[in-house]
Amino acid sequence: MSQLQVKDLQVQFGGLRAVDGMNFDVEKGEIMCLLGPNGAGKSTTLDLICGKTQPTGGSILFQGTEISRMLEFKRARLGIGRKFQVPSVYKDLTVVENLSVARSARPSVLHSLTSRAVRRSARVKEILDIVGLVNKQDEAAGNLSHGETQWLEIAMLIAQDSRLILMDEPTAGMTIQETDRTAKIFRKLSANHTLIVVEHDMSFVRTVADRIIVMNQGKKLAEGSIQEIEANEAVKTAYLGH
Amino acid sequence: MNSRISYDVIGFALFAGVILFGVPAILGYDAFELSTFSRYLSLAIVSMALALSWGTAGLLNLGQAATFGMGSYAMAMHLKLKASGESLPDFMGWNNVDTLPWLWVPFQSLTFTLLAGFLIPAGVGGLIAVFMFRARIAGVFVAIITLAFLVAFQLLVINQQGFTGGQNGLTGLAPLEIFGWVVDIYSVSFYYLVSACLLVALTLGLYLTHSKFGLVLRAIREDPERTRYFGYNVASYETLIFCISAALAGWAGMLYALVLEFASPTYMSVSFSLAIVIWCAVGGRESVLAAAIGAILVNLAEGRLSDVFVEGWHLILGVMFLLVVMFMPRGIYGLIVDAGRALKRQGSRAETVEYNPPDALLSQNRES
């Protein structure tokens, strides 16, 4: 069974159907990229899966559980993580504190009351090594450079260890080198995690995507490998307007 | 060990030393002066309680005085019943109340009173919190709702004259008696009772702020939305800290009623509630210890200055608050932290640290 099954998903904002009857499955360990012109409903689809937006119809099954009506923190507990378009680290907290918040395998109040704010475990050290922030671990996240902030956010996603990670434009504002590095991290992440990525950078998509879904006006326009998508006439029309 | 923890432990030890030995020595073990100071210490508890909800979680509770008042009334009701002996409390007679109201009956028991002083404020605070935080109310709206509750609650207390003594409050109280010890507020031992309560409250506050619970609250203060996507039930975190804060305020209220030997609806006034905010802001809302010190300092200043400027004192307090908000928004605590950081930076400027790209990962990546 697929890890994530989306069936007839739709959401309506006033008169606008932002997502209109989406159907797709995502397999475990897959990197699925969502493409489409502005306003196609890509981010909204991620919002529906993580619980930021409530659907007006359809269903979302995660590992066989119906989640489309669940509160967002319960979905997170099931193993759905989300990276937003705007970098969202906690600027007042230090780097290790950010990671400690992200390590949320046991999010109950009771567990939090009986554990220390920051535990510098071997795992935390390992994650800091991966993203190269060891020397900055006690720095407030607000003092990091833009690039470092992006790495901290990726570190937080690794620390959170969600089975399904939803990424909204992870390479926005990155240099070419940083984008390459991110692509490599994603390939490594997909060994244990499933990823759904909204991205505009086609070279990035070409490197990471196992499968691509192109959306247009809230509907699925095309689905397939990068070669299939690039050859698809309907996709060309949607993008170029011929 | 985190450096923040060690600084706080040192600060706490210094503070405890000053409160337990320094202050009584300076005041020459004078019972009257010490009783005045124990009033400041009880107010320090309500200030640090506000720092827990406002400073840690970003929930500005302007109704803190309501839960404080509940604690003080709980204590005063018990002492009033004791003072009245077999007969009804005097003010009930004046208001044509002939039997002891059911609300008063359990306060004949000291154990009940001491528990009620915590649990009633915590329960009321929790009830408001559940409704507010499940509806995801945040920011300035929390302040407005709690302020509205405070005003409504004070009105209720004033209007139910037969049950509460109305505008006059509860006066003519008997001294408290615990385990055969009759508490004399003009005694050194009473001062130590209040100090002990403050130190216990501070220990609890420091524990909470240094636990993961406190860390998650700070995360919630910055970005509640993001924190939800890590799986934390933000509403239950907020509700719990609100309850704890209300319980501590109730605790402070009980001590305050003891010190002043009466309970009055002015304890639940808007101006008192705003004064708590000022103490907390002057000391520094990010640290429970700083908030407690802020309460003590402002009240000390009030005690000294209001003798000199009887009418103008509130103006001075207002100017003080404005200056703090404008020039040191993080209070005295913020000044100290910034100064410490500047010193540290000067020391370590020579050894700047370069940012290392994450090569550790790249060498072992999975190419495909």
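This is a predicted model: local features need pLDDT of at least 70, side-chain atom pairs count only at pLDDT 80 or more; totals for chains, interfaces and linings use all residues.
In β9(A), Leu35(A) has Val214(A) as its bridge partner. β3(A) covers residues 31-35 and runs parallel to β9(A), residues 211-216, with four bridges joining the two. Over in chain B, there's a nonpolar surface patch to look at as well.

**The sheet in chain A**
- Six strands make up an open sheet with mixed pairing, and the order is β6-β7-β8-β3-β9-β10.
- At the edges sit β6 (80-83) and β10 (219-224) of chain A, each pairing on one side only.
- On average, neighbouring strands of this sheet are turned by 20° against each other, if you ignore direction.

**β3(A) and its two neighbours**
- β3(A) also pairs with β8(A), again in the parallel sense and over four bridges.

**Which way the β3(A) residues point**
- Ile31(A), Cys33(A) and Leu35(A) point one way from the strand, while Met32(A) and Leu34(A) point the other way.
- Is β3(A) buried or exposed? Five of its five residues are buried, so the strand is largely enclosed by the rest of the structure.

**Helices on the sheet**
- Helix α6 of chain A (residues 146-160) lies across β6 and β7 (164-168) of chain A, and runs at about 175° to β6(A).
- Helix α7 of chain A (residues 176-189) packs on the sheet too, touching β3, β7 and β8 (194-198) of chain A.
- The direction of α7(A) makes about 145° with that of β8(A).

**The nonpolar patch on chain B**
- Which residues form the nonpolar patch on the surface? They're Val319(B), Leu322(B), Leu323(B), Met326(B) and Phe327(B), and together they have about 540 Å² of accessible area.
- Met326(B), one of the patch residues, is found in helix α14 of chain B, which spans residues 313-327.
- Why does Met326(B) count as exposed? Because its relative accessible area is 54%, and exposed means over 50%.

Definitions and conventions
Residues are numbered from 1 along each chain as its sequence is written. Chains are lettered from A and ligands numbered from 1 in the order in which they are written. Side-chain values use heavy atoms; hydrogens and water are left out. Patches are made of residues with over 30% relative accessible area and no salt bridge: like charges are joined within 9 Å, nonpolar side chains (Val, Leu, Ile, Met, Phe, Trp, Tyr) within 5 Å. Accessible areas come from the Shrake-Rupley method with a 1.4 Å probe; for residues, only the protein chains shown count as cover. A salt bridge is a side-chain nitrogen of Lys or Arg within 4 Å of a carboxyl oxygen of Asp or Glu. Buried means under 20% relative accessible area, exposed over 50%, partly exposed in between (1.4 Å probe, protein chains only). Two strands pair if DSSP finds at least two bridges between them. Axes are lines fitted to C-alpha atoms, for helices over the stretch in contact, and angles run from 0 to 180 degrees between N-to-C directions. Contact means heavy atoms within 4.5 Å.
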